[in-house]
Amino acid sequence: MGRVTERRKVIRIRDGVVSSRPDTLVAEEPLEIRLNGKPLAITMRTPGDDFALAAGFLVSEGVLANAYDLQNIVYCAGATVDGSNSYNVVDVRTAPDVVMPDITLERNVYTTSSCGLCGKASLDAVRTTARWPIADTPPVRVEPALLASLPDRLRAAQRVFDRTGGLHAAALFSEEGELLDIREDVGRHNAVDKLVGRALQNGDLPLSRVILLVSGRASFELAQKAVMAGIPVLAAVSAPSSLAVDLAAETGLTLVGFLRGSNMNVYAGEDRIALRAAAAQG
(Lines give C-alpha, C1' and ligand atoms only; values in the text may rest on other atoms or scores of the structure.)
Protein backbone atom coordinates (compact mmCIF):
# COMPACT_ATOMS: atom_id res chain seq x y z
CA MET A 1 0.00 0.00 0.00
CA GLY A 2 1.21 3.52 -0.70
CA ARG A 3 2.80 5.38 2.14
CA VAL A 4 1.71 8.71 3.55
CA THR A 5 5.14 10.24 2.87
CA GLU A 6 7.93 9.60 0.39
CA ARG A 7 11.56 10.69 0.12
CA ARG A 8 12.95 12.63 -2.83
CA LYS A 9 16.31 14.24 -3.54
CA VAL A 10 16.30 18.03 -3.37
CA ILE A 11 18.92 20.71 -4.10
CA ARG A 12 18.89 23.27 -1.32
CA ILE A 13 20.13 26.83 -1.65
CA ARG A 14 20.54 28.65 1.63
CA ASP A 15 22.28 32.03 1.73
CA GLY A 16 24.09 31.17 -1.49
CA VAL A 17 25.28 27.78 -0.24
CA VAL A 18 24.21 24.82 -2.41
CA SER A 19 23.73 21.36 -0.91
CA SER A 20 21.97 18.11 -1.73
CA ARG A 21 19.80 16.15 0.67
CA PRO A 22 16.69 13.96 0.81
CA ASP A 23 13.41 15.69 1.55
CA THR A 24 10.18 14.28 2.95
CA LEU A 25 7.16 14.86 0.73
CA VAL A 26 3.51 14.05 1.16
CA ALA A 27 2.46 11.14 -1.06
CA GLU A 28 -0.16 11.70 -3.72
CA GLU A 29 -1.72 8.78 -5.60
CA PRO A 30 -4.95 8.27 -7.54
CA LEU A 31 -7.85 6.45 -5.93
CA GLU A 32 -10.56 5.05 -8.18
CA ILE A 33 -13.91 4.67 -6.44
CA ARG A 34 -16.23 2.02 -7.87
CA LEU A 35 -19.85 1.63 -6.85
CA ASN A 36 -21.13 -1.94 -6.97
CA GLY A 37 -18.45 -2.78 -9.49
CA LYS A 38 -18.96 0.24 -11.77
CA PRO A 39 -16.37 3.05 -11.98
CA LEU A 40 -17.71 6.25 -10.41
CA ALA A 41 -14.88 8.68 -9.69
CA ILE A 42 -11.13 9.12 -9.43
CA THR A 43 -9.58 11.40 -6.82
CA MET A 44 -5.97 12.30 -6.11
CA ARG A 45 -5.40 11.63 -2.44
CA THR A 46 -2.89 10.82 0.27
CA PRO A 47 -3.08 7.03 0.87
CA GLY A 48 -4.72 6.06 4.14
CA ASP A 49 -8.33 5.88 5.38
CA ASP A 50 -9.32 5.00 1.81
CA PHE A 51 -12.49 3.17 2.84
CA ALA A 52 -13.61 6.13 4.93
CA LEU A 53 -12.80 8.48 2.06
CA ALA A 54 -14.94 6.45 -0.34
CA ALA A 55 -17.82 6.25 2.14
CA GLY A 56 -17.67 9.97 2.87
CA PHE A 57 -17.60 10.78 -0.83
CA LEU A 58 -20.79 8.77 -1.29
CA VAL A 59 -22.44 10.59 1.61
CA SER A 60 -21.71 13.90 -0.12
CA GLU A 61 -23.12 12.43 -3.34
CA GLY A 62 -26.36 11.52 -1.56
CA VAL A 63 -25.91 7.75 -2.02
CA LEU A 64 -25.22 6.71 1.59
CA ALA A 65 -26.93 7.99 4.73
CA ASN A 66 -26.17 5.45 7.45
CA ALA A 67 -24.07 2.40 8.21
CA TYR A 68 -26.88 0.07 7.10
CA ASP A 69 -26.64 1.44 3.55
CA LEU A 70 -23.07 0.18 3.36
CA GLN A 71 -22.54 -3.53 2.80
CA ASN A 72 -18.75 -3.49 2.54
CA ILE A 73 -15.75 -1.80 0.91
CA VAL A 74 -12.83 -3.74 -0.54
CA TYR A 75 -9.66 -3.06 -2.45
CA CYS A 76 -9.92 -4.50 -5.94
CA ALA A 77 -7.50 -7.39 -6.43
CA GLY A 78 -5.66 -7.50 -9.72
CA ALA A 79 -6.14 -3.80 -10.31
CA THR A 80 -3.02 -3.56 -12.50
CA VAL A 81 -2.16 -5.15 -15.83
CA ASP A 82 0.12 -7.72 -14.19
CA GLY A 83 -2.63 -8.72 -11.74
CA SER A 84 -1.11 -7.19 -8.61
CA ASN A 85 -3.11 -5.10 -6.16
CA SER A 86 -2.15 -1.43 -6.28
CA TYR A 87 -4.43 -0.54 -3.34
CA ASN A 88 -5.57 2.40 -5.47
CA VAL A 89 -8.97 1.01 -6.49
CA VAL A 90 -11.83 0.46 -4.04
CA ASP A 91 -15.25 -1.01 -4.66
CA VAL A 92 -18.13 0.09 -2.46
CA ARG A 93 -20.94 -2.43 -2.15
CA THR A 94 -24.25 -1.03 -0.99
CA ALA A 95 -27.28 -2.67 0.57
CA PRO A 96 -29.85 -3.95 -1.97
CA ASP A 97 -32.38 -1.21 -1.21
CA VAL A 98 -30.00 1.72 -1.75
CA VAL A 99 -30.98 3.75 -4.80
CA MET A 100 -28.12 3.97 -7.28
CA PRO A 101 -27.16 7.23 -8.99
CA ASP A 102 -27.15 7.40 -12.77
CA ILE A 103 -23.66 6.17 -13.62
CA THR A 104 -23.10 7.16 -17.22
CA LEU A 105 -20.04 8.20 -19.18
CA GLU A 106 -20.98 11.81 -18.57
CA ARG A 107 -21.49 11.19 -14.84
CA ASN A 108 -18.05 9.63 -14.26
CA VAL A 109 -15.92 12.40 -12.82
CA TYR A 110 -12.31 13.15 -12.06
CA THR A 111 -11.73 15.05 -8.83
CA THR A 112 -8.49 16.87 -8.13
CA SER A 113 -6.71 17.23 -4.81
CA SER A 114 -7.42 20.94 -4.73
CA CYS A 115 -11.02 21.57 -5.70
CA GLY A 116 -13.06 18.41 -5.35
CA LEU A 117 -15.79 17.95 -7.92
CA CYS A 118 -14.94 20.72 -10.36
CA GLY A 119 -18.07 22.07 -12.01
CA LYS A 120 -20.33 20.22 -9.57
CA ALA A 121 -24.06 20.63 -9.88
CA SER A 122 -25.88 23.73 -8.73
CA LEU A 123 -27.23 24.83 -5.37
CA ASP A 124 -30.57 23.27 -6.26
CA ALA A 125 -29.01 19.80 -6.47
CA VAL A 126 -27.61 20.06 -2.93
CA ARG A 127 -30.87 21.45 -1.55
CA THR A 128 -32.93 18.65 -3.02
CA THR A 129 -30.59 15.80 -1.98
CA ALA A 130 -29.69 16.90 1.57
CA ARG A 131 -31.19 14.35 3.97
CA TRP A 132 -30.84 16.37 7.18
CA PRO A 133 -31.95 20.01 6.82
CA ILE A 134 -29.55 22.03 8.95
CA ALA A 135 -32.15 24.64 9.76
CA ASP A 136 -34.21 21.94 11.51
CA THR A 137 -31.45 20.78 13.87
CA PRO A 138 -31.34 21.79 17.56
CA PRO A 139 -29.65 25.18 17.95
CA VAL A 140 -25.89 25.21 18.48
CA ARG A 141 -24.38 28.30 20.09
CA VAL A 142 -20.65 28.88 19.68
CA GLU A 143 -18.57 31.50 21.46
CA PRO A 144 -16.19 33.43 19.17
CA ALA A 145 -13.40 32.81 21.69
CA LEU A 146 -13.92 29.06 21.32
CA LEU A 147 -13.76 29.30 17.53
CA ALA A 148 -10.59 31.37 17.81
CA SER A 149 -8.90 28.59 19.79
CA LEU A 150 -9.58 25.84 17.25
CA PRO A 151 -6.93 26.53 14.56
CA ASP A 152 -4.11 26.11 17.08
CA ARG A 153 -5.63 22.83 18.26
CA LEU A 154 -5.91 21.68 14.66
CA ARG A 155 -2.32 22.58 13.90
CA ALA A 156 -1.05 20.85 17.05
CA ALA A 157 -2.77 17.62 16.00
CA GLN A 158 -1.34 17.56 12.45
CA ARG A 159 1.30 14.86 12.63
CA VAL A 160 2.28 14.47 8.97
CA PHE A 161 2.25 18.21 8.26
CA ASP A 162 5.17 18.65 10.65
CA ARG A 163 7.29 16.40 8.42
CA THR A 164 6.14 17.61 5.00
CA GLY A 165 4.41 20.99 5.22
CA GLY A 166 2.24 19.76 2.35
CA LEU A 167 -1.00 18.49 3.84
CA HIS A 168 -4.38 19.99 4.46
CA ALA A 169 -6.37 19.00 7.51
CA ALA A 170 -10.00 18.83 8.57
CA ALA A 171 -11.23 18.28 12.09
CA LEU A 172 -14.47 17.81 13.95
CA PHE A 173 -14.92 19.58 17.28
CA SER A 174 -17.75 19.39 19.77
CA GLU A 175 -19.63 22.58 20.58
CA GLU A 176 -17.55 22.69 23.76
CA GLY A 177 -14.31 22.64 21.76
CA GLU A 178 -13.32 19.00 22.24
CA LEU A 179 -11.38 17.52 19.31
CA LEU A 180 -13.44 14.57 18.10
CA ASP A 181 -11.53 13.50 14.98
CA ILE A 182 -8.92 14.83 12.58
CA ARG A 183 -7.81 13.68 9.13
CA GLU A 184 -5.01 14.90 6.87
CA ASP A 185 -4.80 14.67 3.10
CA VAL A 186 -3.26 16.40 0.12
CA GLY A 187 -6.79 17.62 -0.64
CA ARG A 188 -9.10 19.40 1.79
CA HIS A 189 -12.17 17.72 0.34
CA ASN A 190 -10.58 14.29 0.83
CA ALA A 191 -9.83 15.06 4.47
CA VAL A 192 -13.48 16.00 4.99
CA ASP A 193 -14.67 12.86 3.20
CA LYS A 194 -12.49 10.76 5.53
CA LEU A 195 -14.10 12.41 8.55
CA VAL A 196 -17.63 11.96 7.25
CA GLY A 197 -16.94 8.40 6.12
CA ARG A 198 -15.69 7.41 9.55
CA ALA A 199 -18.77 9.00 11.09
CA LEU A 200 -21.00 6.98 8.77
CA GLN A 201 -19.15 3.74 9.58
CA ASN A 202 -19.53 4.49 13.30
CA GLY A 203 -23.24 5.28 12.98
CA ASP A 204 -22.76 8.94 13.95
CA LEU A 205 -24.57 10.65 11.09
CA PRO A 206 -25.99 13.23 11.03
CA LEU A 207 -23.23 15.30 12.67
CA SER A 208 -25.76 17.82 13.91
CA ARG A 209 -23.87 19.18 16.92
CA VAL A 210 -20.30 19.55 15.71
CA ILE A 211 -18.02 22.18 14.22
CA LEU A 212 -16.07 21.35 11.07
CA LEU A 213 -12.76 23.21 10.78
CA VAL A 214 -10.71 23.09 7.58
CA SER A 215 -7.27 24.41 6.78
CA GLY A 216 -7.16 26.76 3.82
CA ARG A 217 -10.23 28.10 2.08
CA ALA A 218 -13.89 27.08 2.19
CA SER A 219 -14.98 26.08 -1.30
CA PHE A 220 -18.45 25.20 -2.51
CA GLU A 221 -17.51 21.51 -2.36
CA LEU A 222 -16.60 21.74 1.33
CA ALA A 223 -19.80 23.58 2.17
CA GLN A 224 -21.70 20.93 0.22
CA LYS A 225 -20.05 18.12 2.18
CA ALA A 226 -20.89 19.84 5.47
CA VAL A 227 -24.53 20.24 4.47
CA MET A 228 -24.84 16.65 3.26
CA ALA A 229 -23.46 15.37 6.58
CA GLY A 230 -25.80 17.58 8.61
CA ILE A 231 -22.94 19.68 10.04
CA PRO A 232 -24.24 23.07 11.26
CA VAL A 233 -20.97 25.04 11.49
CA LEU A 234 -18.12 25.20 8.97
CA ALA A 235 -15.06 27.30 9.79
CA ALA A 236 -12.01 27.91 7.61
CA VAL A 237 -8.74 29.67 8.24
CA SER A 238 -8.91 31.32 4.82
CA ALA A 239 -11.53 32.77 2.47
CA PRO A 240 -14.78 31.19 1.34
CA SER A 241 -15.92 31.26 -2.25
CA SER A 242 -19.02 33.20 -3.31
CA LEU A 243 -20.86 29.97 -4.11
CA ALA A 244 -20.00 28.53 -0.70
CA VAL A 245 -21.56 31.62 0.93
CA ASP A 246 -24.65 31.31 -1.26
CA LEU A 247 -25.05 27.63 -0.33
CA ALA A 248 -24.57 28.38 3.37
CA ALA A 249 -27.16 31.16 3.31
CA GLU A 250 -29.68 28.98 1.49
CA THR A 251 -29.28 25.90 3.69
CA GLY A 252 -28.79 27.53 7.08
CA LEU A 253 -25.13 26.53 7.40
CA THR A 254 -23.03 28.77 9.65
CA LEU A 255 -19.96 29.71 7.60
CA VAL A 256 -16.92 31.36 9.18
CA GLY A 257 -13.85 32.42 7.21
CA PHE A 258 -10.49 34.05 7.87
CA LEU A 259 -10.39 32.43 11.31
CA ARG A 260 -7.05 33.77 12.49
CA GLY A 261 -6.28 34.58 16.09
CA SER A 262 -9.25 36.40 17.58
CA ASN A 263 -10.36 37.66 14.16
CA MET A 264 -12.93 36.03 11.90
CA ASN A 265 -15.61 36.82 9.33
CA VAL A 266 -19.09 35.31 9.68
CA TYR A 267 -20.61 34.99 6.20
CA ALA A 268 -23.83 33.13 7.00
CA GLY A 269 -25.72 31.59 9.90
CA GLU A 270 -24.64 34.25 12.40
CA ASP A 271 -27.46 33.17 14.75
CA ARG A 272 -25.26 30.32 15.98
CA ILE A 273 -22.42 32.68 16.94
CA ALA A 274 -22.65 34.45 20.31
CA LEU A 275 -22.04 37.88 18.80
CA ARG A 276 -23.21 39.77 21.88
CA ALA A 277 -20.58 38.05 23.98
CA ALA A 278 -17.94 39.05 21.44
CA ALA A 279 -19.16 42.65 21.45
CA ALA A 280 -19.07 42.75 25.26
CA GLN A 281 -15.51 41.47 25.30
CA GLY A 282 -14.50 44.02 22.67
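Mentor: In helix 3, the buried residues are Pro-144, Leu-146, Leu-147, Ala-148, Leu-150, Pro-151 and Leu-154. Buried means under 20% relative accessible area, exposed over 50%, and partly exposed in between, with a 1.4 Å probe and protein chains only. Helices (H or I, at least four residues) and strands (E, at least two) are DSSP runs numbered from the N terminus. The model is predicted: local features need pLDDT of at least 70, side-chain atom pairs count only at pLDDT 80 or more, and totals for chains, interfaces and linings use all residues. Residues are numbered from 1 along each chain as its sequence is written, and side-chain values use heavy atoms, with hydrogens and water left out.

Trainee: What span does helix 3 reach from its first C-alpha to its last?
Mentor: Helix 3 covers residues 144-157, which is 14 residues. The expected span is 1.5 Å times one less than the number of residues. For helix 3 that expectation is 20 Å, and the model comes close to it, at 21 Å.

Trainee: Which residues touch the most other members of the largest nonpolar core?
Mentor: A nonpolar core is a set of buried Ala, Val, Leu, Ile, Met, Phe, Trp, Tyr and Cys residues joined through side-chain atoms within 4.5 Å. The largest one has 53 residues, and those touching the most other members are Leu-205 and Leu-212.

Trainee: Which residues does Leu-205 touch, not counting residues up to four places away in sequence?
Mentor: Contact means heavy atoms within 4.5 Å. With that sequence limit, the partners of Leu-205 are Val-59, Ala-65, Trp-132, Val-196, Ala-199, Leu-200 and Ala-229.

Trainee: Is Asp-193 buried or exposed?
Mentor: Asp-193 sits in helix 5, residues 188-201. Beyond its neighbours within four places in sequence, Asp-193 contacts Ala-52, Leu-53, Gly-56, Phe-57, Ser-60 and Lys-225. Its relative accessibility is 1%, so Asp-193 counts as buried.

Trainee: How many aromatic pairs are there?
Mentor: Rings of Phe, Tyr and Trp (its six-membered ring) pair if their centres lie within 6.5 Å; planes under 30 degrees apart count as stacked, over 60 as edge-to-face and the rest as tilted. By this rule the count is 2.

Trainee: Why is the pair of Phe-51 and Tyr-75 tilted?
Mentor: The ring centres of Phe-51 and Tyr-75 are 4.9 Å apart. Their planes meet at 45°, so the pair is tilted.

Trainee: Why is the pair of Tyr-75 and Tyr-87 edge-to-face?
Mentor: The ring centres of Tyr-75 and Tyr-87 are 5.0 Å apart. Because their planes stand at 80°, the pair is edge-to-face.
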